[in-house]
Amino acid sequence: ENKHEEKVQDPDRRDNETKAEMGSKTWADLAGEMKMFLWNPEERTCLGRTAKSWGLILLFYFVFYTCLAGMFAFCMYVMLLTLSPYTPMYRDRVSPPGVMIRPYLNGFTIAFNVSQPSTWQPYVDSMHHFLAAYDDKVQEEKNIECVSGQYFIQGSNESEEKKACQFKRSLLQNCSGIEDPTFGYSKGQPCILPHTWHCVSYKHECLLLLQIIGYRPGAGVPVSVDCKVQKGNESDLRAVDFYPGNGTFDLMYYPYYGKITHVNYTSPLVAMHFADVKKNYLVPIQCSLNGKGIINDVNSDRFLGRIIFTLSIGK
Amino acid sequence: IQDDHKLSASELEEKYGTHINKGLSSARAAEILARDGPNLLTPPKATPEILKFLKQTVGGFSILLWIGAIFSWISFGIQLSQGAESAFDNLYLGIVLALVVILTGIFAYYQEAKSTNIMASFSKMIPQQALVIRDAEKKELPADQLVVGDIVEIKGGDRIPADIRLIFTQGCKVDNSSLTGESEPQSRSCDFTHENPLETRNIAFYSTTCVEGTATGIVINTGDRTIIGRIASLASGVGNEKTPIAIEIEHFVYMVAGVAISVGVLFFIISVSMQYKILDSIIFLIGIIVANVPEGLLATVTVSLSLTAKRMAKKNCLVKNLEAVETLGSTSIICSDKTGTLTQNRMTVAHLWFDNQIYSADTSEDQATQPFDQSSPSWTALSKIVTLCNRAEFRPGQENLPIMKRVVVGDASETALLKFAEVILGDVMNIRAQNKKVAEIPFNSTNKFQLSIHETDDPNDKRFLLVMKGAPERILERCSTIMINGKEEPLDREKAEAFQTAYMELGGMGERVLGFCHLYLPENEFPDTYPFDTDSMNFPTSNLCFVGLLSMIDPPRSTVPDAVSKCRSAGIKVIMVTGDHPITAKAIAKSVGIISATSETVEDIAKRLNIPVEQVNRREATAAVVNGMELKDMSLQQLDDILCNHSEIVFARTSPQQKLIIVEGCQRQGAVVAVTGDGVNDSPALKKADIGIAMGIAGSDAAKNAADMVLLDDNFASIVTGVEEGRLIFDNLKKTIAYTLTKNIAELCPFLIYIIASIPMPIGTITILFIDLGTDIIPSVALAYEKAESDIMNRRPRNKRKDRLVNEQLAVYSYLQIGIMQSVGAFVTYFTVYAEQGFLPSTLLGVRVNWENNAINDFEDSYGQEWTKYQRTYLQWIGYTAFFVSITIQQVADLIIRKTRRNSIFQQGLFRNKVIWVGIFSQIGIALILTYGLGHVTALNFTPLRFQYWFVAVPFAILIWVYDEVRKLFIRRYPGSWWDKNMYY
């Protein structure tokens with residue numbers, strides 16, 4: 001009889017024990033276990049390892065990761081060896097060119113009130129700063145005069161330093177800031193410079209059109225710029241003047257040979273003088289490049305071969 | 001309400017329009033079946049399917065992904081209100097995450113439904129049968145075809161197929177425990193004994209079991225109208241205990257979720273303190289969670305388990321519960337039946353003794369000849385007695401079957417003798433026809449012999465031949481001479497002693513021994529016409545001539561010794577539990593290796609040293625044969641002592657109840673116990689066991705219901721196969737998980753480096769999902785097909801507590817070694833892509849803010865070229881694709897190294913598992929499709945990739961392979977070393 005009872009009780013007790021093991025542990029138990037795991041004073045183990053064991057495992061990982069890092073460095077080194085320092089291996093993702101505008105302060109809305117100089121002074125300052133590199137003196141000093149209307153192709157030696165063509169600020173005439181240091185802002189006729197190629201960096205205020213090494217825009221025919229109202233009344237934008245010429249990027253400024261060899265390269269600019277824009281009104285304007293090989297109608301990239309910005313000129 | 005128990009048989013016949021001897025007509029039965037429906041219980045209301053599905057979408061990792069999705073939507077809301085352009089990216093990401101959860105939920109739900117179906121189909125494969133009289137014929141019908149009015153016959157071991165009013169019983173007892181909870185068998189008769197139909201003895205209830213005896217009765221209720229169908233509480237509320245593998249998987253989910261959450265939170269804090277915006281930090285958190293969660297893994301595990309279940313089913317192990325597949329693998333003790341499981345379940349002649357010599361006979365399953373020396377005339381005489389003094393006959397119409405497979409009408413010994421004679425002599429029935437039987441006294445327990453008198457087949461010999469067989473000592477008593485080499489010699493003391501020795505020797509082998517003698521009746525005394533009278537015995541039954549002895553045994557199955565030795569080397573203790581005699585049990589145990597040749601029991605040692613049993617040092621005896629009678633008087637301590645101290649144990653003459661005690665004893669030792677059983681009474685032991693194994697052929701329905709697994713061929717060797725499969729799947733799941741976890745690091749590192757070093761994002765969240773649920777799925781399932789590493793059956797069963805599915809070594813090796821290698825390889829590709837497009841690595845550091853600024857459209861690269869935002873984004877997608885491709889390529893190497901954990905890949909064979917190659921090709925195929933096929937769908941963030949970028953990570957893939965080979969080499973070379981302890985998972 002006794003034995004029978006024992007037999008019946010026993011499994012129950014064991015069940016309870018296993019249940020306790022399986023997870024209905026109290027928090028105190030858990031905390032105690034955790035503490036023991038963190039530091040077990042009896043076996044002098046931390047996180048289940050003794051000092052020696054930790055030492056060994058850390059040494060192992062040190063060696064292991066050092067080797068891996070070495071291999072990584074070696075791979076990168078070999079990879080970099082295969083690259084030319086002057087020209088990237090592939091230029092398919094960066095051409096055809098995109099376009100940027102100057103002045104660029106915070107976004108693609110240029111808004112100011114003619115009567116309040118403080119609203120347009122930042123734009124003017126920005127233009128002056130940007131055009132400093134195009135000062136006639138600087139250009140004459142550093143760069144050479146080139147033959148207009150043809151690509152300026154220089155020696156086949158990649159590492160040789162390349163000469164850059166002069167792009168004098170005075171070419172921008174009304175927008176040069178020489179005759180009218182306010183670039184027309186004070187008259188409500190702002191100059192905006194869409195520029196291809198060289199902008200030194202996005203940190204500075206340059207004009208537009210982005211530079212691509214070796215790219216020859218227009219395939220022999222200069223690329224030109226035109227602007228129109230994007231979505232809206234065409235008559236909002238009545239007169240735009242382009243400088244230099246008819247708003248073309250002269251071929252002689254191309255190709256660009258990269259910042260290492262083409263040190264003094266200054267991107268050619270096209271300035272747009274918005275002489276007659278509807279006032280007190282947000283006018284969305286799209287300026288596009290036109291030329292062979294230029295793409296300006298991709299939906300996903302609104303800066304490829306065109307630029308969209310808004311003019312808002314108040315009295 | 002019903003008063004069928006009060007009615008007489010004829011009233012019942014009238015009421016149900018049936019006939020006790022003829023039963024219903026098939027047409028009438030079909031009519032009633034159409035009216036009442038099949039004899040099945042409507043299954044208890046299952047959990048609504050939608051609930052089951054919802055459960056799948058919140059369990060496991062899903063909750064983490066939901067959190068990710070919700071965060072995505074929150075940041076979408078915030079960004080939308082701030083008017084950011086990229087807001088919709090987060091909306092889509094949230095939707096994708098939710099879709100992933102729902103899709104994996106659907107898959108898990110489908111798998112569960114499928115495995116339920118497998119179980120359902122299993123129970124269909126072993127349908128309950130009922131013996132029914134219809135159209136005046138006995139028929140075996142599936143029990144669900146029974147209708148009211150059917151006449152059914154039941155016998156011991158059957159489950160009662162419906163509510164039955166008994167009209168004929170013979171020693172019938174039923175176990176009503178499923179109805180009343182009382183397990184004491186109750187006797188059943190035809191008499192009306194109680195007003196209450198539940199109490200009266202002449203009704204047997206559906207789903208109870210007939211323990212012994214036979215009975216015939218009329219079906220009075222079927223299906224839901226049966227008593228048990230009416231009891232609503234039938235719903236089987238047996239709480240399912242978690243199987244070992246379920247616990248392991250839970251442990252693993254906790255571990256991975258723990259890593260995901262802690263890394264996520266850690267980097268959330270880091271990014272906040274690095275002055276990222278909270279919103280950005282949340283987006284990083286989502287990325288980290290998605291990278292850390294192996295979305296496809298749980299589905300993979302289920303698929304692997306069901307693949308193994310299918311494979312086991314092919315090898316005659318039907319698994320009723322998917323997770324039991326693995327339980328079998330961790331089994332450390334098997335308590336096995338003897339009869340039918342270890343043995344062939346048929347008596348077979350094992351030894352002969354004539355001419356003073358013992359001959360061995362072939363006892364294998366497919367014997368066609370007997371190799372012993374058959375030239376002696378004594379054998380001719382003996383064979384004649386064996387042939388003639390035998391009432392067993394083959395059922396007609398089996399001439400084409402092998403002799404051993406033919407069905408015989410007759411008892412076990414006679415069957416053995418008949419088959420034995422048939423194998424050696426050929427057509428026994430013809431020999432009997434030529435030696436016409438004139439008189440016969442069948443065997444009875446008082447005589448202990450069987451005798452018959454025949455004419456001889458020699459036309460010139462007009463004598464009658466009297467042949468007799470029986471218990472050897474009784475036969476010898478009746479003999480005065482003995483045949484030696486065909487000559488009758490007087491039976492002197494010396495010859496009698498030789499007989500005794502042989503008899504003892506054969507008996508000592510646990511065999512059933514029969515003696516054979518004959519006498520040619522003198523022609524003059526017994527002429528043709530002599531009227532033999534078996535009642536008065538008007539013929540001599542003494543002074544006969546002794547011819548020889550035959551001994552029989554139920555021989556072990558030929559596959560069993562091998563299987564037992566496999567178990568032994570696999571560290572599994574095989575305990576024999578049988579109702580048989582200890583001597584027979586021990587003999588069989590010895591012949592199959594449960595007791596090995598060299599080990600001795602306490603009694604053996606006592607006999608060898610010639611000392612009393614009490615003086616023997618019990619520790620010296622490795623084997624033990626425990627009698628049921630001894631077991632009865634043992635305390636639990638003593639039993640534990642025996643189970644602990646003896647490695648080879650046989651329990652003989654045990655009752656089914658004692659089997660339960662033995663199982664519990666084994667479990668007290670912390671063992672995972674597998675129990676085989678066939679009888680109704682084995683059910684408790686089967687249920688108690690960690691894995692109950694029922695016999696498919698001999699097993700009763702009750703046993704099959706209680707068991708987790710059914711052996712279709714009743715063969716012990718199949719269990720070993722099952723153990724092997726179970727261990728294999730455990731190992732292979734380890735490999736699958738190791739494979740899957742590895743690339744999580746390669747998915748996680750980009751986020752961490754992106755946050756810390758502010759480089760352009762190396763891999764997108766959606767891309768990660770394409771790895772986890774695209775390229776990696778088939779390869780990880782393919783690992784389930786991996787063959788065992790050679791040592792699988794040579795190691796001890798796993799320790800439930802210590803040998804976890806996912807242990808520290810596995811996680812550390814996958815995460816911190818291979819995973820990091822993969823990350824480095826992928827980063828090399830990433831930097832290569834950017835560098836070749838103009839962004840040298842040095843330029844990339846710290847550019848994140850400007851890189852991601854939509855307004856900056858003249859971003860300068862290392863060469864002075866200027867990039868618009870979209871151009872950069874597209875480049876970023878090329879980076880994603882390159883990173884993705886690198887991970888895929890390195891996962892191929894990872895897949896190959898995961899084929900083994902210890903052996904070299906070259907030992908394992910690179911091409912043995914063809915499915916792995918299917919996995920590799922699918923992986924690369926999917927990557928090709930994503931890259932080149934879907935490369936123009938911008939929403940997926942894949943782009944066509946320059947061909948050479950597929951190979952940038954190849955050196956690292958090779959490094960992974962080489963490194964792992966070195967790891968395995970050191971593990972094999974220096975077992976137990978620091979390396980082994982830290983590197984073997």
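1. Transmembrane annotation, chain A. The UniProt entry, which is unreviewed, annotates residues 58-83 of chain A as "transmembrane region". The model discussed here is predicted. In this model, residues 58-83 of chain A are 92% helix and 0% strand.

2. Domains of chain B. Three domains are assigned in chain B. Domain 1 takes in 9-26 + 127-232. Domain 2 is also written in two segments, 317-343 + 557-714. Domain 3 covers 348-553. Between the C-alpha centres of domain 1 and domain 2 of chain B, the distance is 36 Å.

3. Extent of the interface. Contacts link 60 residues of chain B to 59 residues of chain A. Together, chain B and chain A bury about 4,900 Å². Carbon and sulfur atoms account for 61% of that buried area.

4. Polar links across the interface. Eight residue pairs are in polar contact between chain B and chain A, with both residues at pLDDT 80 or more. On the chain B side, several elements each supply at least two residues that touch chain A. Among them are the helices α22 (656-668), α31 (869-897) and α34 (954-973), and the strands β27 (859-860) and β28 (866-867). The largest share comes from α28(B), with 13 residues. By class, the chain B side has 31 nonpolar, 16 polar and 13 charged residues.

5. The salt bridge between the chains. How many salt bridges are counted between chain B and chain A? The count is one. The partners are Lys259(A) and Glu860(B), with 3.7 Å from N to O. Over all chains, the count comes to 38 salt bridges.

6. Where the two partners sit. Why does this pair join two chains? Glu860(B) lies in strand β27 of chain B, while Lys259(A) lies in a loop of chain A, so the pair joins two chains. That loop of chain A runs between β8 (248-249) and β9 (271-277).

Definitions and conventions
Residues numbered from 1 in each chain as written. Chains lettered and ligands numbered in written order. Predicted model: local features only at pLDDT ≥ 70, side-chain atom pairs only at ≥ 80, totals over all residues. Heavy atoms only, no water. Domains from an automatic or database assignment. UniProt positions renumbered as here; feature names shortened; annotations may be inferred. Helix = DSSP H or I, 4+ residues; strand = E, 2+ residues; numbered from the N terminus. Contact = heavy atoms within 4.5 Å. Buried area = accessible area lost by both parts, 1.4 Å probe. Salt bridge = Lys/Arg side-chain N within 4 Å of Asp/Glu carboxyl O. Polar contact = N/O pair within 3.5 Å; in protein donor to acceptor, adjacent residues only side chain to side chain. Nonpolar A, V, L, I, M, F, W, Y, C, P; charged D, E, K, R; others polar.
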